[in-house]
Amino acid sequence: MDFFNILLYCATNQCSARIAPVSTNASNAVVKAGSVAHFDVVIIGAGAAGLMCAFTAGQRGRRVLLLDHANKPGKKILMSGGGRCNFTNLWTTPDNFISGNPHFCKSALSRYSQNDFLAMVDRHGIAWHEKKLGQLFCDDKSRDILNMLLRECEAGGVQLHTSVSVSAVQAQDTGFYLATTLGPVSCAALVVATGGLSIPKMGASGFGYELARQFGLRVLPTSPALVPFTLSAEQLAQLDGLSGVSTAATVRCNGVSFAENILFTHRGLSGPAMLQISSYWQPGDAIDINLLPELNLEVELAAARRQQAKTTVGNWLSQRLSRNLARRLLQWWCPHLLERRLADCSDKDIGLLTRHFCCWRLKPGGTEGYRTAEVTLGGIDTDEISSRSFAAHRQPDLYFIGEVLDVTGHLGGFNFQWAWASGHACGQFV
Ligand SMILES: Cc1cc2nc3c(=O)[nH]c(=O)nc-3n(C[C@H](O)[C@H](O)[C@H](O)COP(=O)(O)OP(=O)(O)OC[C@H]3O[C@@H](n4cnc5c(N)ncnc54)[C@H](O)[C@@H]3O)c2cc1C
């Protein structure tokens, strides 16, 4: 179908209602009814990657239209990092990313590093601090990062329109035609930056995956990641009263482990270590948790049996874990040992305690799903995409960036760094 036939098709089919501008705000309409606005680049999705790509292309002199169906740009930036946006990580390397092709992210990450983003943050006078493990947060608010990106977009002459839906995308001989609620739009290059599926109420949609499939690109199975675990009613009953308790632990699943805090919640387990391991967990898998990672429990207990003979197991463990946690878990796992004096503990008792506290094998019932997941695992197969330009191999001038791709970062600012790096790389090509 050529371009004019598409217009005719849209004018005579159900999308005719959609291509008429719906905005009552005249300044929000880029297209008058009946005309087609042309841009060098249209970007769908004004999140982290879309904003980055938009200003990078705009500042190269490209005429850029940035569309989002949400009523505001960058909603996830605003809610990130507990309102302070963990915007990058000082120690970003390709090892911090999960993908069917672990090499794919290397090129973009090396061309736009955490230091490049940090230099822009500094140029804009945004105060920041390292919280821990290289994680950089705003001193003040996430909005500082969004405002910085919007200022850069303004400097690049980017036209940003929110509350806009795209109902059809059609390839032309060169470029694309889009039916949007702003009216018909054509462009030489189309960038899809619609993110993953997490937090649907913030605007997440599967649109990017659908578009990829429309153009014959493979989409790998998706699942929620960096997500809290839920436990069965039975397990929760055993952990009653622990909601809000946080403790250092090492967690392991499918050969990967993380050492950070875990947090007991009223639905199950969360906290950085559990969120991290959720990206490696499949339904039905067990997770091994060491609640005393700093101790060689067997050796310490054997020594304590001699040196603190009168201390009870409950009290001894309460000095190493919180009292509430130690006693609750003892009541669950080995209630007969709770008040036993260390002197009376056999080697078998010590072995039992070590097995439970250092190798707690837990089978979660599931996860909280996309409702609370920070990211989506899987997505568009990176084998379909150029790691240099982010163009689809089989559809020139169609680009995919950010979380919609099968690249998922660990917790700690890595997902934003991927959004910045992929957005920047693509913005230099379109
Ligand atoms: C609660 C929470 C906290 C987080 N905190 C951090 C953190 O501190 N550090 C970190 O590195 N990462 C964090 N993340 C992850 C990070 O937010 C994402 O990885 C990142 O935003 C992905 O960028 P993106 O541009 O690819 O997608 P997004 O930022 O999700 O942007 C996608 C945009 O596309 C729009 N869109 C979707 N569908 C359509 C459609 N059909 N039409 C038009 N527009 C559409 C959406 O409205 C959205 O604006 C957090 C995520 C969540 C949910």
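This note describes the aromatic contacts of a predicted model.

1. Basis. Local features require pLDDT of at least 70 and side-chain atom pairs count only at pLDDT 80 or more, while totals for chains, interfaces and linings use all residues. Residues are numbered from 1 along each chain as its sequence is written, and side-chain values use heavy atoms, with hydrogens and water left out.

2. Phe264 and Trp360. The whole structure contains 16 aromatic pairs (rings of Phe, Tyr and Trp, the last by its six-membered ring, with centres within 6.5 Å; planes under 30 degrees apart are stacked, over 60 edge-to-face, and the rest tilted). In one of them, the ring centres of Phe264 and Trp360 lie 6.3 Å apart with the planes at 10°, so this pair is stacked. It joins distant parts of the chain, since Phe264 belongs to strand β14 (residues 256-264) and Trp360 to strand β17 (residues 360-362), 96 residues apart (strands are DSSP runs of E, at least two residues; helices are runs of H or I, at least four; both are numbered from the N terminus). Phe264 is buried at 2% relative accessibility, and Trp360 is buried at 4% (buried is under 20% relative accessible area, exposed over 50%, partly exposed in between; 1.4 Å probe, protein chains only).

3. Phe416 and Trp420. These rings are stacked, because their centres are 5.4 Å apart and their planes at 15°. Both Phe416 and Trp420 are buried.

4. Charges over rings. The charged end of Arg63 sits over the ring of Phe39, 4.3 Å from its centre (NZ of Lys or CZ of Arg within 6 Å of the ring centre and within 35 degrees of the ring normal). Arg320 lies over the face of Trp316, 3.8 Å from the ring centre.
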